[in-house]
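This briefing covers one chain and its ligand. The points are grouped by topic.

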Amino acid sequence: MGGPGRIALSSIKEFKTLRQLLRVQLQAQKYAEAIVTTKKILTILKGLELSAPQEVKDVWRKTAESYRTLLEKLEKTPKQIAAIPGQEETPDGSIGAVDLPKDCAEMFSSASKSTLGFNDLAGLEQVKEDLKDSIELPLKYPDKWQKLGVKSISGLLLYGPPGCGKTYVAKCASGQFNIRLLVADPSVVMSKYVGESEKVVAKLFKCARKAAPAIVFVDEVDKLIPLESKGSEVPQRVEAQFLQEMSGIKPESNFIVVMATNEPWNLNPAIIRPGRIDRWVYVPEPDRETRQRIFELNLSGLTISGEVSYYKLAAMTEPTDTRCYAASDITAICEDIRLHIAKDWAETDILSPVTMQRVKDAMKKVRPSISKQQISRYIKWGKDPKATGRSV
Ligand SMILES: Nc1ncnc2c1ncn2[C@@H]1O[C@H](COP(=O)(O)OP(=O)(O)OP(=O)(O)O)[C@@H](O)[C@H]1O
Ligand SMILES: [Mg+2]
């Protein structure tokens, strides 16, 4: 895995699976089995604490403490257990020290370095390369960039079909480059202080300057800078402020705004201008190798039966004439497989492998969610953003 101190993703996955199993066991009041599972969880948490970077060790230690308390209750008064601990401390790629001033921290729904890296991100090699050139190097070596007069960029747009990794890419880039990710959620910006949203936008950029070097991530940016702002003039003021702030980013500001959308044609074209969005990067549907790796990442820790291979799983999720699997469809298939294996394990005490039947059952429930028509539209937009009409 990535750099030194990176938390092993497989251990986190195992932790999540066991936590799910524990939930099932507690619901079924199988306390003896729950004790065994809790002990396994504690062993994993110990490993995670040991391998975690310094600033995250505490999170794992506290998580372990809550499971130790649970174990005590399980051994003495199991009927009084209301819930299993730990949902909130479970890292979904955004744990770490938050050392921003309070008024700035509340601007962002997350403000930490991600624990995910490019090893967790299947495929998308071109996207990784683009992000390295546009984010990592200019933010880490601003002096060299400036001395050679290399133009650094202010804004980068990730666009592509839903569930194919735009948000995930931003998280993985933050962890990979070891640069803080400030996540700005448009719905928070728009609703924070009614009538003062444009002030919120100004503050957001002010905070980004304080937190630099940083990646400011604006997800679903089409909601913030829509093609047509409807209703009150508030959205228009927000938009104007955002465009003004984007134009005001200087190389020495040392942060970059990464935006994401699955409806790029609904963006106000004013944003697609050098100095605002300088580069747009397509995040496509997963190809065969990428799907294979997503299966591998998401089924790690499970035994795969002889009739199943990651290669076969990738082949079974080839696009049809009209539709393709999104990356999130593949992870949903894996989640279904894991859930059923965990349920069987809880009920029979037999930990079964991933069988072809199990895969087929999961695939019946998760259909390919992207149409090829949608994909053509993204490709057309990428070639000429101004020519693609508004969606309905
Ligand atoms: N390349 C990838 N490698 C591994 N997992 C991936 C990859 N792409 C997506 N995923 C998985 O799919 C999930 C959904 O991806 P994500 O939320 O980033 O999609 P999105 O493009 O932002 O979708 P939307 O347009 O709906 O916001 C991720 O949380 C991750 O688990
Ligand atoms: Mg997203």
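In this predicted model, helix 12 has 12 residues, which at 1.5 Å a residue should span 16 Å; the end C-alpha atoms of helix 12 are 16 Å apart, in agreement with that figure. The chain holds 16 helices and 7 strands. Of its 392 residues, 40% count as buried. Among contacts between residues at least 6 apart in sequence, 78% join residues at least 24 apart.

**Helix 12**
- The buried residues of helix 12 are Thr290, Arg291, Gln292, Arg293, Ile294, Phe295, Asn298 and Leu299.
- Helix 13 (310–316) and helix 14 are included in what covers these buried residues of helix 12.
- Gly301, with a positive phi near 90°, follows helix 12.

**Shell around ligand 1**
- Ligand 1 is surrounded by 20 residues, and the closest are Pro162, Gly165, Thr167, Tyr168 and Ala327.
- By type, the shell consists of 11 nonpolar, 8 polar and 1 charged residues.
- At least two shell residues come from each of helix 7 (166–177), helix 12 (288–299) and helix 14 (327–348).
- Domain 2 (102–284) and domain 3 (288–372) each contribute at least three residues to the shell.

**Helix 7**
- The 12 residues of helix 7 should span 16 Å at 1.5 Å a residue, and its end C-alpha atoms are 17 Å apart, which agrees.
- Helix 7 is mostly covered, with 11 of its 12 residues buried.
- Among the buried residues of helix 7 are Tyr168, Val169, Ala170, Ala173 and Phe177; the buried set also includes Lys166, Lys171 and Gln176.
- Against these buried residues pack helix 5 (125–140), strand 1 (155–159), strand 2 (180–184), strand 3 (214–218) and strand 4 (255–261).
- Asn178 follows helix 7 and has a positive phi, near 60°.

- In soluble globular proteins, nonpolar side chains tend to be buried together.
- The largest nonpolar core here has 98 residues, and those with the most contacts inside it are Val169, Leu182, Ile215, Val216 and Phe217.
- Helix 14 gives the most to this core, with 8 residues.
- Leaving aside neighbours within four places in sequence, the contacts of Ile215 include Ala170, Ala173 and Ser174, as well as Ile135, Leu182, Phe255 and Val258.

- Ala211 lies in helix 9 (residues 197–211).
- Ala211 has 23 other C-beta atoms within 10 Å and is therefore buried.
- Not counting residues up to four places away in sequence, Ala211 touches Leu100, Cys104, Arg180 and Leu182.
- Pro101 is 110 residues from Ala211 in sequence, yet their C-alpha atoms are 9.4 Å apart.
- The peptide bond from Ala212 to Pro213 is cis, with omega near -5°; Pro213 is in the loop between helix 9 and strand 3.

- Most residues other than glycine have a negative phi, and most peptide bonds are trans.
- Leu124 is not a glycine but has a positive phi of about 50°; Leu124 sits in the loop between helix 4 (102–105) and helix 5.
- Leu124 counts as buried because 26 C-beta neighbours lie inside 10 Å.
- Asn254, also not a glycine, has a positive phi of about 60° and is in the loop between helix 11 (234–247) and strand 4.
- With 19 other C-beta atoms within 10 Å, Asn254 is partly exposed.

Terms used
Residues are numbered from 1 along each chain as its sequence is written. Chains are lettered from A and ligands numbered from 1 in the order in which they are written. This is a predicted model: local features need pLDDT of at least 70, side-chain atom pairs count only at pLDDT 80 or more; totals for chains, interfaces and linings use all residues. A residue is near a molecule or strand if its C-beta atom, placed from the backbone, lies within 6 Å of it. Helices (H or I, at least four residues) and strands (E, at least two) are DSSP runs, numbered from the N terminus. Ala, Val, Leu, Ile, Met, Phe, Trp, Tyr, Cys and Pro count as nonpolar, Asp, Glu, Lys and Arg as charged, and the others, Gly among them, as polar. Domain bounds come from an automatic or database domain assignment. The expected span of a helix is 1.5 Å times one less than its number of residues. A residue is buried if 20 or more other C-beta atoms lie within 10 Å of its own, exposed if 12 or fewer, and partly exposed in between; C-beta atoms are placed from the backbone. Two residues are in contact if their C-beta atoms, placed from the backbone, lie within 7 Å. A nonpolar core is a set of buried Ala, Val, Leu, Ile, Met, Phe, Trp, Tyr and Cys residues joined through C-beta atoms within 7 Å.
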